[in-house]
Amino acid sequence: MNEDAFPVEDWLLNLPLYRPVQLGADIYEAIEAILLFARTVDYYCPGCQQNATFMGVVSVGADKVWREEQHLVKINRLAMVAGTAR
């Protein structure tokens, strides 16, 4: 996945809370970026002069579901290629 296309760290810093975000055709890549974000990001607020640390943790369930989905996508692509090769 292209991290520049879905910069989760920038989203954490710049998007207002509780405001809907419009996503286009790349919604699945955006969901993947958010669900599988497993980094620690440190921020500093000059207004309140406080540090804040956000740690993305990928749940076992999210990881399992995403891996199964990716496996099915690969199988479907192989089936399509095999079908067109006949």
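Reply: Let's start with glutamine 49, which sits in the loop between β1 and β2 (50-55). Helices here are DSSP runs of H or I with at least four residues, strands are runs of E with at least two, and both are numbered from the N terminus. This is a predicted model, so local features need pLDDT of at least 70 and side-chain atom pairs count only at pLDDT 80 or more, while totals for chains, interfaces and linings use all residues. Residues are numbered from 1 along each chain as its sequence is written, and side-chain values use heavy atoms, with hydrogens and water left out.

Back to glutamine 49: its phi is near 55 degrees, a positive value in a residue other than glycine. Glutamine 49 is also exposed, at 58% relative accessible area. For the labels, buried is under 20%, exposed is over 50%, and partly exposed is in between (1.4 Å probe, protein chains only).

Zooming out, the protein chain has 3 helices and 2 strands, in the order α-α-β-β-α along the sequence. Buried residues are 13% of its 86 residues. The chain exposes about 7400 Å², with carbon and sulfur atoms supplying 57% of that; areas come from the Shrake-Rupley method with a 1.4 Å probe, and for residues only the protein chains shown count as cover.

Now for the inside. The largest nonpolar core has 7 residues: Phe6, Val8, Ala30, Ala33, Phe37, Val41 and Tyr43. The elements giving two or more residues to this core are α2 and β1 (40-45). A core like this is a set of buried Ala, Val, Leu, Ile, Met, Phe, Trp, Tyr and Cys residues joined through side-chain atoms within 4.5 Å. In helix α2 (residues 27-35), the buried residues are Ala30, Glu32 and Ala33. Down the axis of α2 they fall within an arc of 160 degrees, so they line one face of the helix; the arc is taken over directions from the helix axis to the C-beta atoms.

Setting aside neighbours within four places in sequence, valine 8 is in contact with Ala33, Ile34 and Phe37, where contact means heavy atoms within 4.5 Å. Leucine 12, in helix α1, touches Phe37 and Tyr43, again not counting residues up to four places away. Leucine 12 is partly exposed at 41% relative accessible area, and its C-alpha lies 9.1 Å from that of valine 41, 29 residues apart along the chain.

As for charges, a search of the whole structure finds 1 salt bridge, meaning a side-chain nitrogen of Lys or Arg within 4 Å of a carboxyl oxygen of Asp or Glu. The partners are arginine 39 and glutamate 9, at 3.1 Å from N to O. The pair links distant parts of the chain, with arginine 39 in the loop between α2 and β1 and glutamate 9 in helix α1 (residues 8-14), 30 residues apart. Arginine 39 is partly exposed at 33% relative accessible area, and glutamate 9 is partly exposed at 31%.
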